[in-house]
There are 2 protein chains.
Amino acid sequence: VSAGATAAVVIVGSEVLSAKVQDENGPFLARRLHELGVELAAIHVVPDRTDAIVEAMLLERRRVDWLFTAGGVGPTHDDLTLPAVARALGVPVRRNPDLVRILEVMHARHHGGDSLPDVALRMADLPEGTELLGDPEFPTLVVSRVVMLPGVPSFLRHQFERVAHLFGGTPFHLVTLFFAWGEDQLAIPLARVAEIHPAVEIGSYPRFDRADHRVRVTIEGKDAALVQAGARAILEAVPAVALVRAEGIGP
Amino acid sequence: VSAGATAAVVIVGSEVLSAKVQDENGPFLARRLHELGVELAAIHVVPDRTDAIVEAMLLERRRVDWLFTAGGVGPTHDDLTLPAVARALGVPVRRNPDLVRILEVMHARHHGGDSLPDVALRMADLPEGTELLGDPEFPTLVVSRVVMLPGVPSFLRHQFERVAHLFGGTPFHLVTLFFAWGEDQLAIPLARVAEIHPAVEIGSYPRFDRADHRVRVTIEGKDAALVQAGARAILEAVPAVALVRAEGIGP
């Protein structure tokens, strides 16, 4: 994976859209991918419907390196992610004997001698070519750079962390500047610096509460020297009286 | 607006994708739209880029009644929502004199005699046909059923609530069943009931913590009688010993 790895996330979540559950998986993946230096291009929350999952996947697959799905991998009628991924990739679904064995062991551990119900085997019907990576007892399902994660947040985090080394790139560098001025006073210098420094991302976030600053400006990018140069250019363009404090400024 | 009003949300949020900010606006809009009886079809979190905003809008506009954007309506270089909406709708951008006056009043209130900086006028460059609705001092911008909300959560909530009556439909009815059984034991009865009761949405949410139940099943729809019938069908298909409790069951 290059320094510029990119990703998109598809949350399969009718329960998020109908506000029965507040999504934790999108924010977790955003944070961890950013820490790993992976640029997240989009998060799509879609209903538990095959067509909606396939559409979001086809939209993102052409432009990102890694696609993460979250949810829809259980045994019930509303678990549709595995066949949807197969359809989006144009491959058939095949029952994976290794995963059947893992599910049998898991089931025996929780239910003693009972044999695994047939319907639970749906969880082992995977897009052809799916690899079982990470934890051998609770593997992460990966096919053609599509990572199919479970929806339960603690399970998702476990399966993500066990394969996180696959996604790593060059980390981002960040400088944060806190200003006492409002956005309308900063807009022109920021726009000018953004134009001269296209390799860094300059964000501007106003606050309207009783914080010590009115605008937080972030300068971020993969090249530390360019980030520092962008931050310095902003500090040169704005009078010192406007600056409350700075974080991440180099020597 | 019919009983079956639908919506989609586009969060314009590079800061959400890079985990600098945790999005509150998607969950708020999901909750309020659901309370109002509006079916939310998707939430897209996209970067602060014109092409990304336009693409998400074009994807959703063909299938939903209302499209909400959140963020990107300020005065800085990364505020691109208003021209992106104009482009997606195929209309020009025009400076709105009523909004210019409102911005001038707001500015005078905060900065005394200072005149409004030119760059702040970008906030009044609206897609042609945009109406200023709701609070006359802090209006909600609506054009062709696209509602352009600000990204600051307290402002977004204010502007949403002042026009919320526009979106109302028939409310949803919900029954929730809590089961001591696992999903693999419930999967077959749930699938059978889901097939016989296509007008209700049946969701299944496993838990793996120390809660008193292992699976929460939701039955939801616009027609209360159909929701009750769907819930009763599940209770008939599952032995009573599996049920922990029920919420929303009618007489």
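Predicted model: local features only at pLDDT ≥ 70, side-chain atom pairs only at ≥ 80, totals over all residues.
How many residues does the contact take from chain A and from chain B? I counted contact as heavy atoms within 4.5 Å and got 56 residues from chain A and 55 residues from chain B.

Residues are numbered from 1 along each chain as its sequence is written, chains are lettered from A in the order written, and side-chain values use heavy atoms, with hydrogens and water left out.

Next I looked up the buried area, meaning the accessible area (1.4 Å probe) that two parts lose on being put together, summed over both. For chain A and chain B I have about 4300 Å², with 61% of that from carbon and sulfur atoms. On the chain A side, A:Lys20, A:His77 and A:Asp184 lose the most area to chain B, together 15% of what that side buries.

Then I went for salt bridges (a side-chain nitrogen of Lys or Arg within 4 Å of a carboxyl oxygen of Asp or Glu). A:Glu55 makes one with B:Arg63, and their closest N and O atoms are 2.6 Å apart.

Last, the strands, which are DSSP E runs of at least two residues, numbered from the N terminus; two of them pair if DSSP finds at least two bridges between them. I see β2(A) pairing with β2 (residues 39–46) of chain B, antiparallel, over three bridges. I also noted that A:Ile43 has B:Val45 as its bridge partner in β2(B).

Technical notes
Helix = DSSP H or I, 4+ residues; strand = E, 2+ residues; numbered from the N terminus.
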